[in-house]
Amino acid sequence: MPVTSGGNGFAIQTRDLSRDFGSVRAVQDLTLDVPAGTIYGFLGPNGAGKTTTIRLLLGLLEPSGGEAWVLGHEVRTGSQEIREQAGVLLESDGLYTRLTALQNLDYFGRIARLSEPDRSRRIQDLLTAMDLWDRREGRVSDFSKGMRQKLALVRAFLSRPKLLFLDEPTSGLDTPSAVALRRQLVALARDEGVTVFLTTHNLLEAEKVCDRVAVIRKGALLAEGSPQEIHGGRSSRVAIDGERFSAELVGRVERLPMVESAVVEPATDGSPRILVDLKPGTDARAVVRLLVESGAEVASVETARESLEDIFLKLVEEEEADTGEESP
Amino acid sequence: MTDIITVARKELREIVGGGSGRKSLIRELFFVFLFGVFFPLSQSEAWRSGAVPTVFVFMIPLFLAGPYIADTFAGERERKTLETLLATRLPDSSIYLGKILAVCTYAWAVTQIILLASLIALNLTGAGASGGAAGGSTGRWFVYPSSVWVAALAGSYASALLISGVGTFISLRSETVRAAHQAMMLPLFVLIFGGSFGLGALWRALPSQTQASLVLWASGVSALEAIVGVVSLLLLVDLFLLRLGVRRFRRSKLISS
């Protein structure tokens, strides 16, 4: 299927995009469709190929194979146009530490060809939104890591980009700073209607912030969809506390069509508990009915929804099992 | 051109008012004192003749521009600002030429300050003047001949462009500023010492008849004509280096992995 322009509702489209560094394949046949106006999470462990993908999409690296369109421009021939319409916050904040916050933003505002009044107003608005206006004359070398990330985010938004590439924006921040930055990022992105391509290895962050996520490992796509879709495609676990859970009864539960597996495991207080893994799209009603009808006493039923982190680890394990590899 | 000026403005801001501002100010004051006060007063007659300042205005930009040009790309890479810069809409040539423009303008401006300082020092002390009177007391101020001014205004910029053209190649390929500074020593050494020793050796290698013919030809050339010739030659080399630099500067080559 030929990939068309950004006018088809997608900010980014890739087809079998690959990049080799010598004998190492950093990005492997990557096929993505990033809808315009969404916050798109690009998840993977360190070294998964997230940063290389951003570099390919910005035209900073030439693909070894495949195709990619960003905002309707092919990355090989339209990289200048892509960079004109994109904002970035890369792995490193990229701020000039010898200059003040204002001087940094003024420089990037000039690069973006914002007029003097527009530049000044935009800088004031964004710095105010990020609670940095009072520190505008401060030299960046005196800023904390959190302040620097905020300032870099302001710089990324400054040119009113249609697309924002954020590479691990909360990496290295303490929890309160990360939460604050995440909140401000989402607010700004929604206000400005910008598409955000967010790489992270923080799965909790992706779950909270992203409309859609793609999971990659060793440059290859493992899963793609909304966090709910990814959850929906996976089994869910139910913990049933009670009494009189015989081995024979557990065996009957395991034979129910919606059950993948069932085991008895004592709860933390030592009371009996059955852990039941249900197939995708099913629930535990038939299991509870069987238990009650068989004379077991059911005290509580708890659905343990897997976090994206659990799912990510399972995906990695499954992929390792398929390829016969082991985690490093 | 707007993009080149945007890059140059920011570079100059970092050079002049950056975090290491005090350190670089001390370095510049040292240069101004050494070349603008100490040497003129200790070799006042040679300075008044115009010969020494002519040579110095070609040499000083090499020392001034060298460290900063080494820092241009290697420094951005080391401080992890290069990739963000490359991810902007700036064309390759604007990034490359903007950095060179900043460094050359800075080296040129400091060279002019040094020359003016030497003129003030010579006039205030009267050093080297017949009778030893200060310019102010005799009522006649000493001014360098026009060839020195042409050398200072055009030659110093051409000289800064020369070291910048060579230096950016080194800076682009260096992982750290330190590595770039070390690598810059070779072209500086070649340009400063190789030039004089090399020309001397070349002269000695010439047959005496050729030497005599050249001396005869040179006696008919004025100092101003000689300076214009040297500056023109330098500018031609600069133009070649800049064209080569612009052609070879590619974003994708700067991000290797």
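Ala189(A) counts as buried because its relative accessibility is 3%, where buried means under 20% relative accessible area with a 1.4 Å probe and protein chains only. This is a predicted model, in which local features need pLDDT of at least 70 and side-chain atom pairs count only at pLDDT 80 or more. Residues are numbered from 1 along each chain as its sequence is written, and chains are lettered from A in the order in which they are written.

**Surroundings of Ala189(A)**

- Ala189(A) lies in helix α6 of chain A, residues 175–192; helices are DSSP runs of H or I with at least four residues, numbered from the N terminus.
- Leaving aside residues up to four places away in sequence, Ala189(A) touches Ile39(A), Phe157(A), Val194(A) and Val196(A), contact meaning heavy atoms within 4.5 Å.
- Ile39(A) is 150 residues from Ala189(A) along the chain, yet their C-alpha atoms are separated by 8.1 Å.

**Interface of chain B and chain A**

- In chain B, 30 residues are in contact with 27 residues of chain A.
- About 2900 Å² is buried between the two chains, and carbon and sulfur atoms give 57% of this area; buried area is the accessible area (1.4 Å probe) lost when two parts are put together, summed over both.
- The interface holds 2 salt bridges, each defined as a side-chain nitrogen of Lys or Arg within 4 Å of a carboxyl oxygen of Asp or Glu.
- Glu83(B) and Arg55(A) form a salt bridge through their side chains, at 2.6 Å from N to O.
- On the side of chain B that touches chain A, the elements giving two or more residues are α1 (2–17), α4 (51–78), α5 (82–86) and α12 (251–254) of chain B.
- The largest share of that side, 8 residues, comes from α1(B).

Methods: Side-chain values use heavy atoms; hydrogens and water are left out. Buried means under 20% relative accessible area, exposed over 50%, partly exposed in between (1.4 Å probe, protein chains only).
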